[in-house]
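Trainee: Could you show me how to read salt bridges in a structure? I would like to go through some cases with you.

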Amino acid sequence: MNRALSLFLFANVLAFGAWGQAGVSELRWYKGNTHTHTLNSDGDSTPDEVVKWYRENRYNFLFITDHEYVTDPAPLNALYGMKGSFIVIGGQEVTDSFDRKPYHLNALGISRVVLPNKLPGAVETLQKNIDDTLAAGGIVQINHPNFGWALTADHLIKLQNYTLLEIYNGHPLVNNLGGGGLPSAEEIWDKVLAGGKIVFGVADDDSHYFKRIGDPTAPTPGKGWIWVRAPELTAAAVIDALKKGDFYASTGVELSDIRSNGRSLTVAVKEERASKYRIQFIGGGGRVLEEAIASPATYTFRGNEGYVRAKIIESNGKLAWTQPIFLKR
């Protein structure tokens, strides 16, 4: 195991192990969306209308990520921000392509536009956009790998210095589940993790249309989100949690706790009365190591898993995913 991965294990266990321990009771969960469009690119609503929807639907933070356009969050926060309850954070979807395939990433936390580069090659194109996002002060989320069947695990393993990968995207045309012999976005994530990359899984809306709520053919809001755990609701605290993997992804399942003491991983679900749950503990390459039907559920590490993450499956189709904990071999 290389030194970087060993250090990550130590930091990862500390981060998860801190949750629920004495002295960190000030940590709170905050719900947010990392992929949102407005009239400033290809959405159907103004930034004000979009922000109002997320605030009124009890989100705590929102990244606006229009194509090649950065919306200044300051005026929106002055009008709609609520200290400790709701903030808007700047971002952009960097929209590139090669050989008629779309290569998109979100530059989160930036304040200036990152221009696409149109370089030859998928890896070359995305890597330059990643590098430019980092130079602009942002963190990188690779978007919808199966959109246009553009990205493979091999591509993603070759890329450097990105933090997040969409494993669920609420747009109806991004092929989350794979098909025709091609893997799902979640399976791609597992292949990337097994390839030695430290990458965290995100669920989000990719929302475009706020005037077609209820239309299943439209990319509308409220389909996927993340819950970060942070000491306060600020842009810096949210981004720091994303960098460290202190969050989980969801399409409707809410968790009350995730913790690890370095020897095991425990997950607790906020159960809905009419629902049943399966908690799967998943290891290297996507293997289901163990499954539980009672919450909280604990998986004891054996040491040969490579990494361990949890997937929670609700009886009506809602899901949640925790981030991987890497183990020493």
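Mentor: Gladly; we will go through the salt bridges of this predicted model.

Trainee: What is the general idea?

Mentor: Side chains of opposite charge can pair when their charged atoms come close. Here, a search of the whole structure turns up 14 salt bridges.

Trainee: Which residue pairs with lysine 118, and how far apart are the closest N and O atoms?

Mentor: The partner is aspartate 96, with 3.8 Å between the closest N and O atoms. Lysine 118 sits in the loop between β4 (101-108) and α4 (122-135), while aspartate 96 belongs to strand β3 (residues 87-98), so the bridge ties together parts 22 residues apart in sequence.

Trainee: Are these two residues buried or exposed?

Mentor: Lysine 118 is exposed, at 52% relative accessibility, whereas aspartate 96 is buried, at 2%.

Trainee: Where do aspartate 240 and lysine 244 lie?

Mentor: Both are in helix α7 (residues 235-244), four residues apart, which means about one helical turn separates them. Aspartate 240 is partly exposed at 36%, and lysine 244 is partly exposed at 40%.

Trainee: Which residues are linked in a network of salt bridges?

Mentor: Glu186, Asp190, Arg309 and Lys311 form such a network.

How values were computed
Residues numbered from 1 in each chain as written. Predicted model: local features only at pLDDT ≥ 70, side-chain atom pairs only at ≥ 80, totals over all residues. Heavy atoms only, no water. Salt bridge = Lys/Arg side-chain N within 4 Å of Asp/Glu carboxyl O. Helix = DSSP H or I, 4+ residues; strand = E, 2+ residues; numbered from the N terminus. Buried < 20%, exposed > 50% of the residue type's maximum accessible area, 1.4 Å probe, protein only.
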